[in-house]
Structure formats: C-alpha cells, structure tokens
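Let's take a friendly walk through this model, one neighbourhood at a time. Keep the viewer open and follow along.

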Amino acid sequence: NQHCDLDSVAPLLAAGGPAYAEPLLWLYRSKGLHSRALAMLVEERCCVSTDDSSIATDDTAGPRPWTKIQFRKWKARYVRTLWFSRDPRLAGLALEATATLFDVAPALGLAVFTGSRFGDADSSDDDDSDDRHAIGGAGTPAQDVVAWMKQLELPFETNYANNKSAWHAPSFLKNSKNDDSGISKLLNILGAPPILDSPDALRTALSKTSVLLKPKDTKGKKKYEQLLDDAAADEPLPLDSGNSVAVAYLEFLVSRGEALELLHNELAFLLLDGLLKASEDDPDKARVYRGRLRRFLRCSQRYRADQVLSWLTEDHLAKEKALVLARLGRHDEVLALYIDTLKDDQLAEAYCDSVWRTAREASVARYLRKWQRRSEERNFMQQHSRSSTGEGDDTDDKDLVPSENTYNDDDDDDDVLPCLFDL
C-alpha cells in the first residue's frame with residue numbers, strides 16, 4: 001500500500017518479530033527502499049531457528065514466521081527481481097546480496113542470475129523479473145560477474161550431504177530440438193550458413209574457421225554426435241567451488257546467445273580445468289565435465305580454437321583435441337587421431353559423413369578415401385599377423401591384399417564428391 005506511512009507502520013511491524021518480517025519487507029519494497037530491505041534480510045532476524053515445517057503450516061491466526069528454507073527462497077526471488085530490473089543500481093545491490101545464498105544453497109544463488117524457477121506452487125512472485133529470456137545485470141559486465149563467482153568459497157563438503165539438490169546446477173546447453181534455451185537456439189543466434197553457390201564463395205567460407213554450416217541432411221551429423229558420447233553433459237554439475245558456479249553461469253550466457261570470445265574462452269578453460277582436477281580423484285564428476293566440454297567445443301563457434309588447442313596436451317584428451325581441430329578445418333589431423341590414436345574406425349567414418357554433409361568440402365572426399373585405404377590395410381595386416389601365427393583360417397594371403405584400384409589417390413574425385421576446386 002503506497003499510502004502507508006513508513007515511519008508509523010515500520011516500527012509496529014518490526015516489533016512483531018519474525019512473524020511480521022515479510023510484511024515489513026514488502027513495505028520497504030513498495031517504497032523502493034531496497035537497501036533497507038536487503039539489510040534486514042538476515043536469517044536470525046526473519047525466520048525461526050528451526051526448519052520444522054509444522055511451524056509454517058500452523059492454523060493459528062495471524063502471520064506465520066518463515067522457516068530457513070522459506071526465507072532463503074523468498075530472498076532469492078527478491079534479489080533475482082533486482083538483478084533483472086534493468087536498473088544498474090539495483091543490479092549492483094543484487095550482486096552484493098547474493099553471496100550469503102551461495103554459502104547455504106548455491107543452486108538458489110545461481111538461480112538469481114539465470115532467472116530459473118524454483119518450482120513452488122505458491123510462488124506468486126515467481127514471475128516478477130522483467131524479462132525471463134534476458135541476461136540481467138544491467139550495467140554489470142558479464143566478465144565481472146564471472147570473476148566475482150570464481151572468488152566464491154563454498155562449504156561444499158560440510159553441507160552437500162544435507163541437501164544435494166541445493167548443490168547442483170542444471171545443464172543449460174542441451175541437445176533437445178525443443179529446448180529454446182539450448183544448443184538449437186545458440187546455433188540460430190550465431191547466424192545462418194552462407195550460400196555456397198560458386199567456387200569463390202566456398203573458398204571464402206572455408207577461410208573463415210569460425211563459421212559452422214548447418215546441414216540440410218543431419219543423419220551423419222547425428223551419428224557423429226552420438227559417438228562423441230557427451231550425454232554426461234545433461235547430468236547436474238556439482239557446485240563445489242567458485243569455478244563450478246562460474247561454469248554454470250557461463251553456460252547460461254552462451255545458451256542466451258552471448259558471443260563475446262573472451263567468455264567462450266573462459267568457459268572452455270574452466271571446463272578443462274574442472275575435468276583435469278576431477279580426473280585425479282572423482283571419476284563421476286570428471287565424466288560430467290568431459291561431457292560438457294565436448295558439447296561446448298562441438299557447438300560453440302566463438303572460442304579461439306588455436307588457443308584452446310594449445311591447452312589440450314594430455315593424452316586422454318584426444319577426442320576433445322579432435323573437436324578443436326575440426327573447428328580449424330584440419331580434417332586430416334582429426335582422422336589421424338580417430339584412426340591412429342583412438343583406433344576408432346566407426347567414429348572416423350561418422351566424422352567424414354558429418355563434415356562433408358555439413359561443409360560440402362571437396363577435400364573431405366579425399367580424406368574419406370585415404371581413411372578407407374588405411375583402414376583396409378590395417379585390417380589386412382591384422383589378419384595376416386593371425387595367419388602367420390596359425391590363429392587364422394586357411395584363407396589365401398593374396399585374397400587379403402587390398403585391390404590396387406580400390407582406393408587409388410589418382411582416381412577422379414568426382415566419383416565420390418564433385419570437386420569444385422583444388423585446395
């Protein structure tokens with residue numbers, strides 16, 4: 001009620017104790033006194049000392065005090081409203097007020113910045129934010145928010161077992177076709193593919209390694225994505241450090257179409273750092289980080305590929321390295337990793353099918369034929385080795401030798417894919 005006299009009503013509500021904390025906070029909010037409201041948002045002052053839900057459902061007349069869980073959710077909704085208010089001053093207040101939420105329930109703290117719903121049926125103020133599809137934080141650079149999040153120290157070990165859902169972040173980059181906040185939206189935001197109607201147009205497109213074309217026929221692309229095994233990216237991410245919070249927030253920004261190269265590079269680095277650290281003692285968490293890293297490297301076109309490539313020095317990062325090499329258009333090196341390092345002919349074949357359908361590159365036909373020849377030669381050597389040790393059947397060696405005319409480098413590439421020009 002805008003006509004309430006603040007000096008008269010506020011002391012009366014304050015004297016009522018925790019039971020009247022919410023009416024007093026709404027009074028401050030209605031008067032635009034957000035600094036005073038935030039100063040009052042302290043658990044010891046606004047809620048009862050126990051989380052017993054029977055207090056919140058008591059049928060006695062008059063206002064009921066909050067439990068700690070109810071208080072934290074109300075605070076998160078309120079601070080989220082300030083963050084998405086498009087007022088730089090209020091966004092700054094929200095950033096300062098969120099730190100205490102991360103200490104007790106990082107998922108709630110993260111929801112302040114992502115606009116995520118809490119799922120309560122009685123959340124009448126759950127839609128207060130101005131734009132649920134906006135990024136929020138008016139006047140606050142995203143890189144400053146990320147830097148602030150990285151400095152957070154979360155008491156994960158002492159609190160995780162008590163409320164696991166409060167210590168996990170959802171995946172914002174999804175493969176679902178119907179997910180408007182996921183990868184399908186990301187690719188649409190980053191731009192439609194150029195029209196390749198001439199050799200010159202194709203040459204120009206291939207020189208721009210930041211362009212990823214979306215194929216009309218996605219059968220090969222889907223098979224390749226399945227073989228990359230990034231399903232773990234859909235699993236919740238443990239919010240056990242400031243870096244993990246920054247990862248979740250950066251994924252949210254990318255899903256909303258954030259195109260700043262600096263932020264994409266930061267996300268790639270943090271995902272890789274999380275993977276390497278978790279690989280030492282937590283294989284389950286490492287699997288989640290690996291899945292998210294692969295999905296990001298495959299779908300983002302804004303990270304600096306040559307820089308990310310220089311970070312991938314570990315032997316167990318061959319698939320991740322292949323994804324970055326694919327971004328750079330170095331298809332022969334991708335196939336060398338799949339065939340020689342990983343010994344995965346199926347993945348190599350799926351990659352060839354995916355790339356030539358996607359980029360329509362004439363050179364991929366040559367790589368595919370080279371792979372087919374090398375695969376057949378290796379199969380011959382394996383069978384010949386078994387035969388020489390007496391483990392094989394009675395097949396004549398000459399029947400195992402690849403045909404000289406099967407995969408000849410001098411063959412006309414038109415038999416496989418029309419060659420528009422020689423690279």
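Helix H19 covers residues 318–327, and eight of its ten residues are buried, so the rest of the structure largely encloses it. Buried here means under 20% relative accessible area, with exposed over 50% and partly exposed in between (1.4 Å probe, protein chains only). Helices are DSSP runs of H or I with at least four residues, numbered from the N terminus. Among the buried residues of H19 are Ala-318, Leu-323 and Arg-327. Just after H19, Gly-329 adopts a positive phi of about 75°.

Before going further, a word on the source: this is a predicted model, in which local features need pLDDT of at least 70 and side-chain atom pairs count only at pLDDT 80 or more, while totals for chains, interfaces and linings use all residues. Residues are numbered from 1 along each chain as its sequence is written, and side-chain values use heavy atoms, leaving out hydrogens and water.

Which helix meets H19 with axes that come within 9 Å? It is H17 (residues 283–299), and the two axes cross at roughly 10°; axes are lines fitted to C-alpha atoms, for helices over the stretch in contact, with angles running from 0 to 180 degrees between N-to-C directions. That crossing makes H17 roughly parallel to H19, a label for angles under 35 degrees. On the H17 side, the contact (heavy atoms within 4.5 Å) is made by Arg-290, Leu-293, Arg-294, Leu-297 and Arg-298, and on the H19 side by Lys-319, Glu-320, Leu-323, Val-324 and Arg-327. Arg-327 also lies over the face of Tyr-303, at 4.5 Å from the ring centre; such a placement requires NZ of Lys or CZ of Arg within 6 Å of the ring centre and within 35 degrees of the ring normal.

Now for the aromatic rings. The whole structure holds 14 aromatic pairs, counted when ring centres of Phe, Tyr or Trp (its six-membered ring) lie within 6.5 Å; planes under 30 degrees apart are stacked, over 60 edge-to-face and the rest tilted. Trp-66 and Phe-71 form a tilted pair, 5.9 Å centre to centre with 55° between the planes. Phe-113 and Trp-148 are tilted too, at 6.0 Å and 55°. Phe-113 lies in helix H9 and Trp-148 in helix H10, so this pair ties together parts that are 35 residues apart in sequence. Phe-113 is buried at 0% relative accessibility, whereas Trp-148 is partly exposed at 22%.

Key: Helix = DSSP H or I, 4+ residues; strand = E, 2+ residues; numbered from the N terminus. Parallel < 35°, antiparallel > 145°, perpendicular 65-115°, else oblique.
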